Amino acid sequence: MEKKILWIISFALIFILWIKAGPFKNDLDDTKDGASETSSLYEESGEATSDEKNYFKSHPIQKNSPDFAAITDVKERKKAFFDYLTPFINEKNSLILKDRERLNALLKSNKKLSTKNKKWISTLRQNHKLKKLENYSKDDIQALLNRLDIIPASLVLAQAANESAWGTSRFATKGNNYFGQWCFRKGCGLVPESRDSDADHEVRKFNDARESVFAYIDNLNTNAAYKKLRASRAQLRQDKEVVTGLALVHGLEHYSERGQAYVEEIEGLINYNKLWRFNRSQPKPEQP
């Protein structure tokens, strides 16, 4: 009997220690201004598509980012951070809305798809990890529309602030990576200092911040981990509601090992910094 009691007590102690040290540990930082090194353990960001590479080449930008760490005033640093990244977010969302406009026109049309449009749709579907087909039904086009859509500026800015420590992290300053995107080829990025000895991932390096923004949005639009986020967005479209960061944030449970605590932190950043105001400057949505 005594042995049985001791066994139960030992098991309980082990369980408590596992809870404290394991995946349920909640080390939530201050959601008002808190920011940390990348925590996105499930992110694998693919290479830019050929269309994106051509776009970057034909639309060059100033590659040098501001020295955010040198801006000691918190309000000024935040303003500089938002002012720097917002144009890239709007640029990507504008390109997405342009493609959506063309897809919606094809969806509403009763004409047979031309060879040119089929090829264009095939490329878009491949870029968004959907199967290439011989012919495309309206359901196939709608499936593409559900993936090819904007990510609100409020959500992008909140995650960028969190993942890059307001642009001051090593991954942001050395690799132009503002969202903690991972890669798995040796030399593709920066090796995290806290990486486990048996891990092989690196934090991807980008040529500039714009490429990081584009890759992040592409990732949310294609990765199976964010199916819930895309479903929420598609429902908002169907209901003719505005797509906001607060409406989509709950689809980010898999962005970090911290799960719901991470979602609440991003939600807190949006609310505390009133980031929804940047949704006003984002491209206007398509008309129903």
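1. In this predicted model, helix H4 and helix H5, the latter spanning residues 138-147, pack with their axes 10 Å apart and at an angle of about 45 degrees. That angle makes H4 oblique to H5, and H4 passes H5 in a left-handed crossing. On the H4 side the contact is made by Ile121, Leu124 and Arg125, and on the H5 side by Asp140, Ile141 and Leu144. By residue class, this contact of H4 with H5 holds four nonpolar and two charged residues, with no polar ones.

2. The pairing of helix H3 (residues 74-108) with helix H6 (residues 153-164) can be described in the same terms. Their axes come within 10 Å and cross at roughly 130 degrees, and H3 and H6 are therefore oblique to each other, since an angle counts as roughly antiparallel when over 145 degrees. The crossing of H3 and H6 is right-handed. From H3, the residues Phe81, Phe82, Leu85, Thr86 and Ile89 take part, and they meet Ala153, Val156, Leu157, Ala160, Ala161 and Ser164 in H6. Of the residues in this contact of H3 with H6, nine are nonpolar and two are polar, while no charged residue is included.

3. For helix H8 and helix H9, the latter covering residues 227-238, the axes come within 7 Å and cross at roughly 85 degrees. That makes H8 roughly perpendicular to H9. The residues that meet are Leu220, Asn221 and Thr222 in H8 and Leu229, Arg230 and Arg233 in H9, and the contact of H8 with H9 divides into two nonpolar, two polar and two charged residues.

4. A further point concerns the largest pocket, which holds about 820 Å³ of space. Its lining comprises 37 residues, and those that lie nearest the centre of the pocket are Thr49, Glu52, Lys92, Asn127 and Asp218. Helix H2 (50-58), H3, H4 (115-127) and H8 (209-222) are the elements that each give two or more residues to this lining. Among these, H8 gives the most to the lining of the largest pocket, with seven residues.

Conventions:
Residues are numbered from 1 along each chain as its sequence is written. This is a predicted model: local features need pLDDT of at least 70, side-chain atom pairs count only at pLDDT 80 or more; totals for chains, interfaces and linings use all residues. Side-chain values use heavy atoms; hydrogens and water are left out. Axes are lines fitted to C-alpha atoms, for helices over the stretch in contact, and angles run from 0 to 180 degrees between N-to-C directions. Helices (H or I, at least four residues) and strands (E, at least two) are DSSP runs, numbered from the N terminus. Angles under 35 degrees count as roughly parallel, over 145 as roughly antiparallel, 65 to 115 as roughly perpendicular and the rest as oblique. A crossing is left-handed if the near helix is turned anticlockwise from the far one by less than a right angle, and right-handed if clockwise. Contact means heavy atoms within 4.5 Å. Ala, Val, Leu, Ile, Met, Phe, Trp, Tyr, Cys and Pro count as nonpolar, Asp, Glu, Lys and Arg as charged, and the others, Gly among them, as polar. On a 1 Å grid over the protein atoms alone, a cavity is a set of points where a 1.4 Å probe fits but cannot get out, and a pocket is an open set with protein on both sides within 12 Å along at least five of seven lines; lining residues have an atom within 4 Å of a point. Grid points are joined across faces, edges and corners, and a volume is the space filled by probe spheres set on the points.
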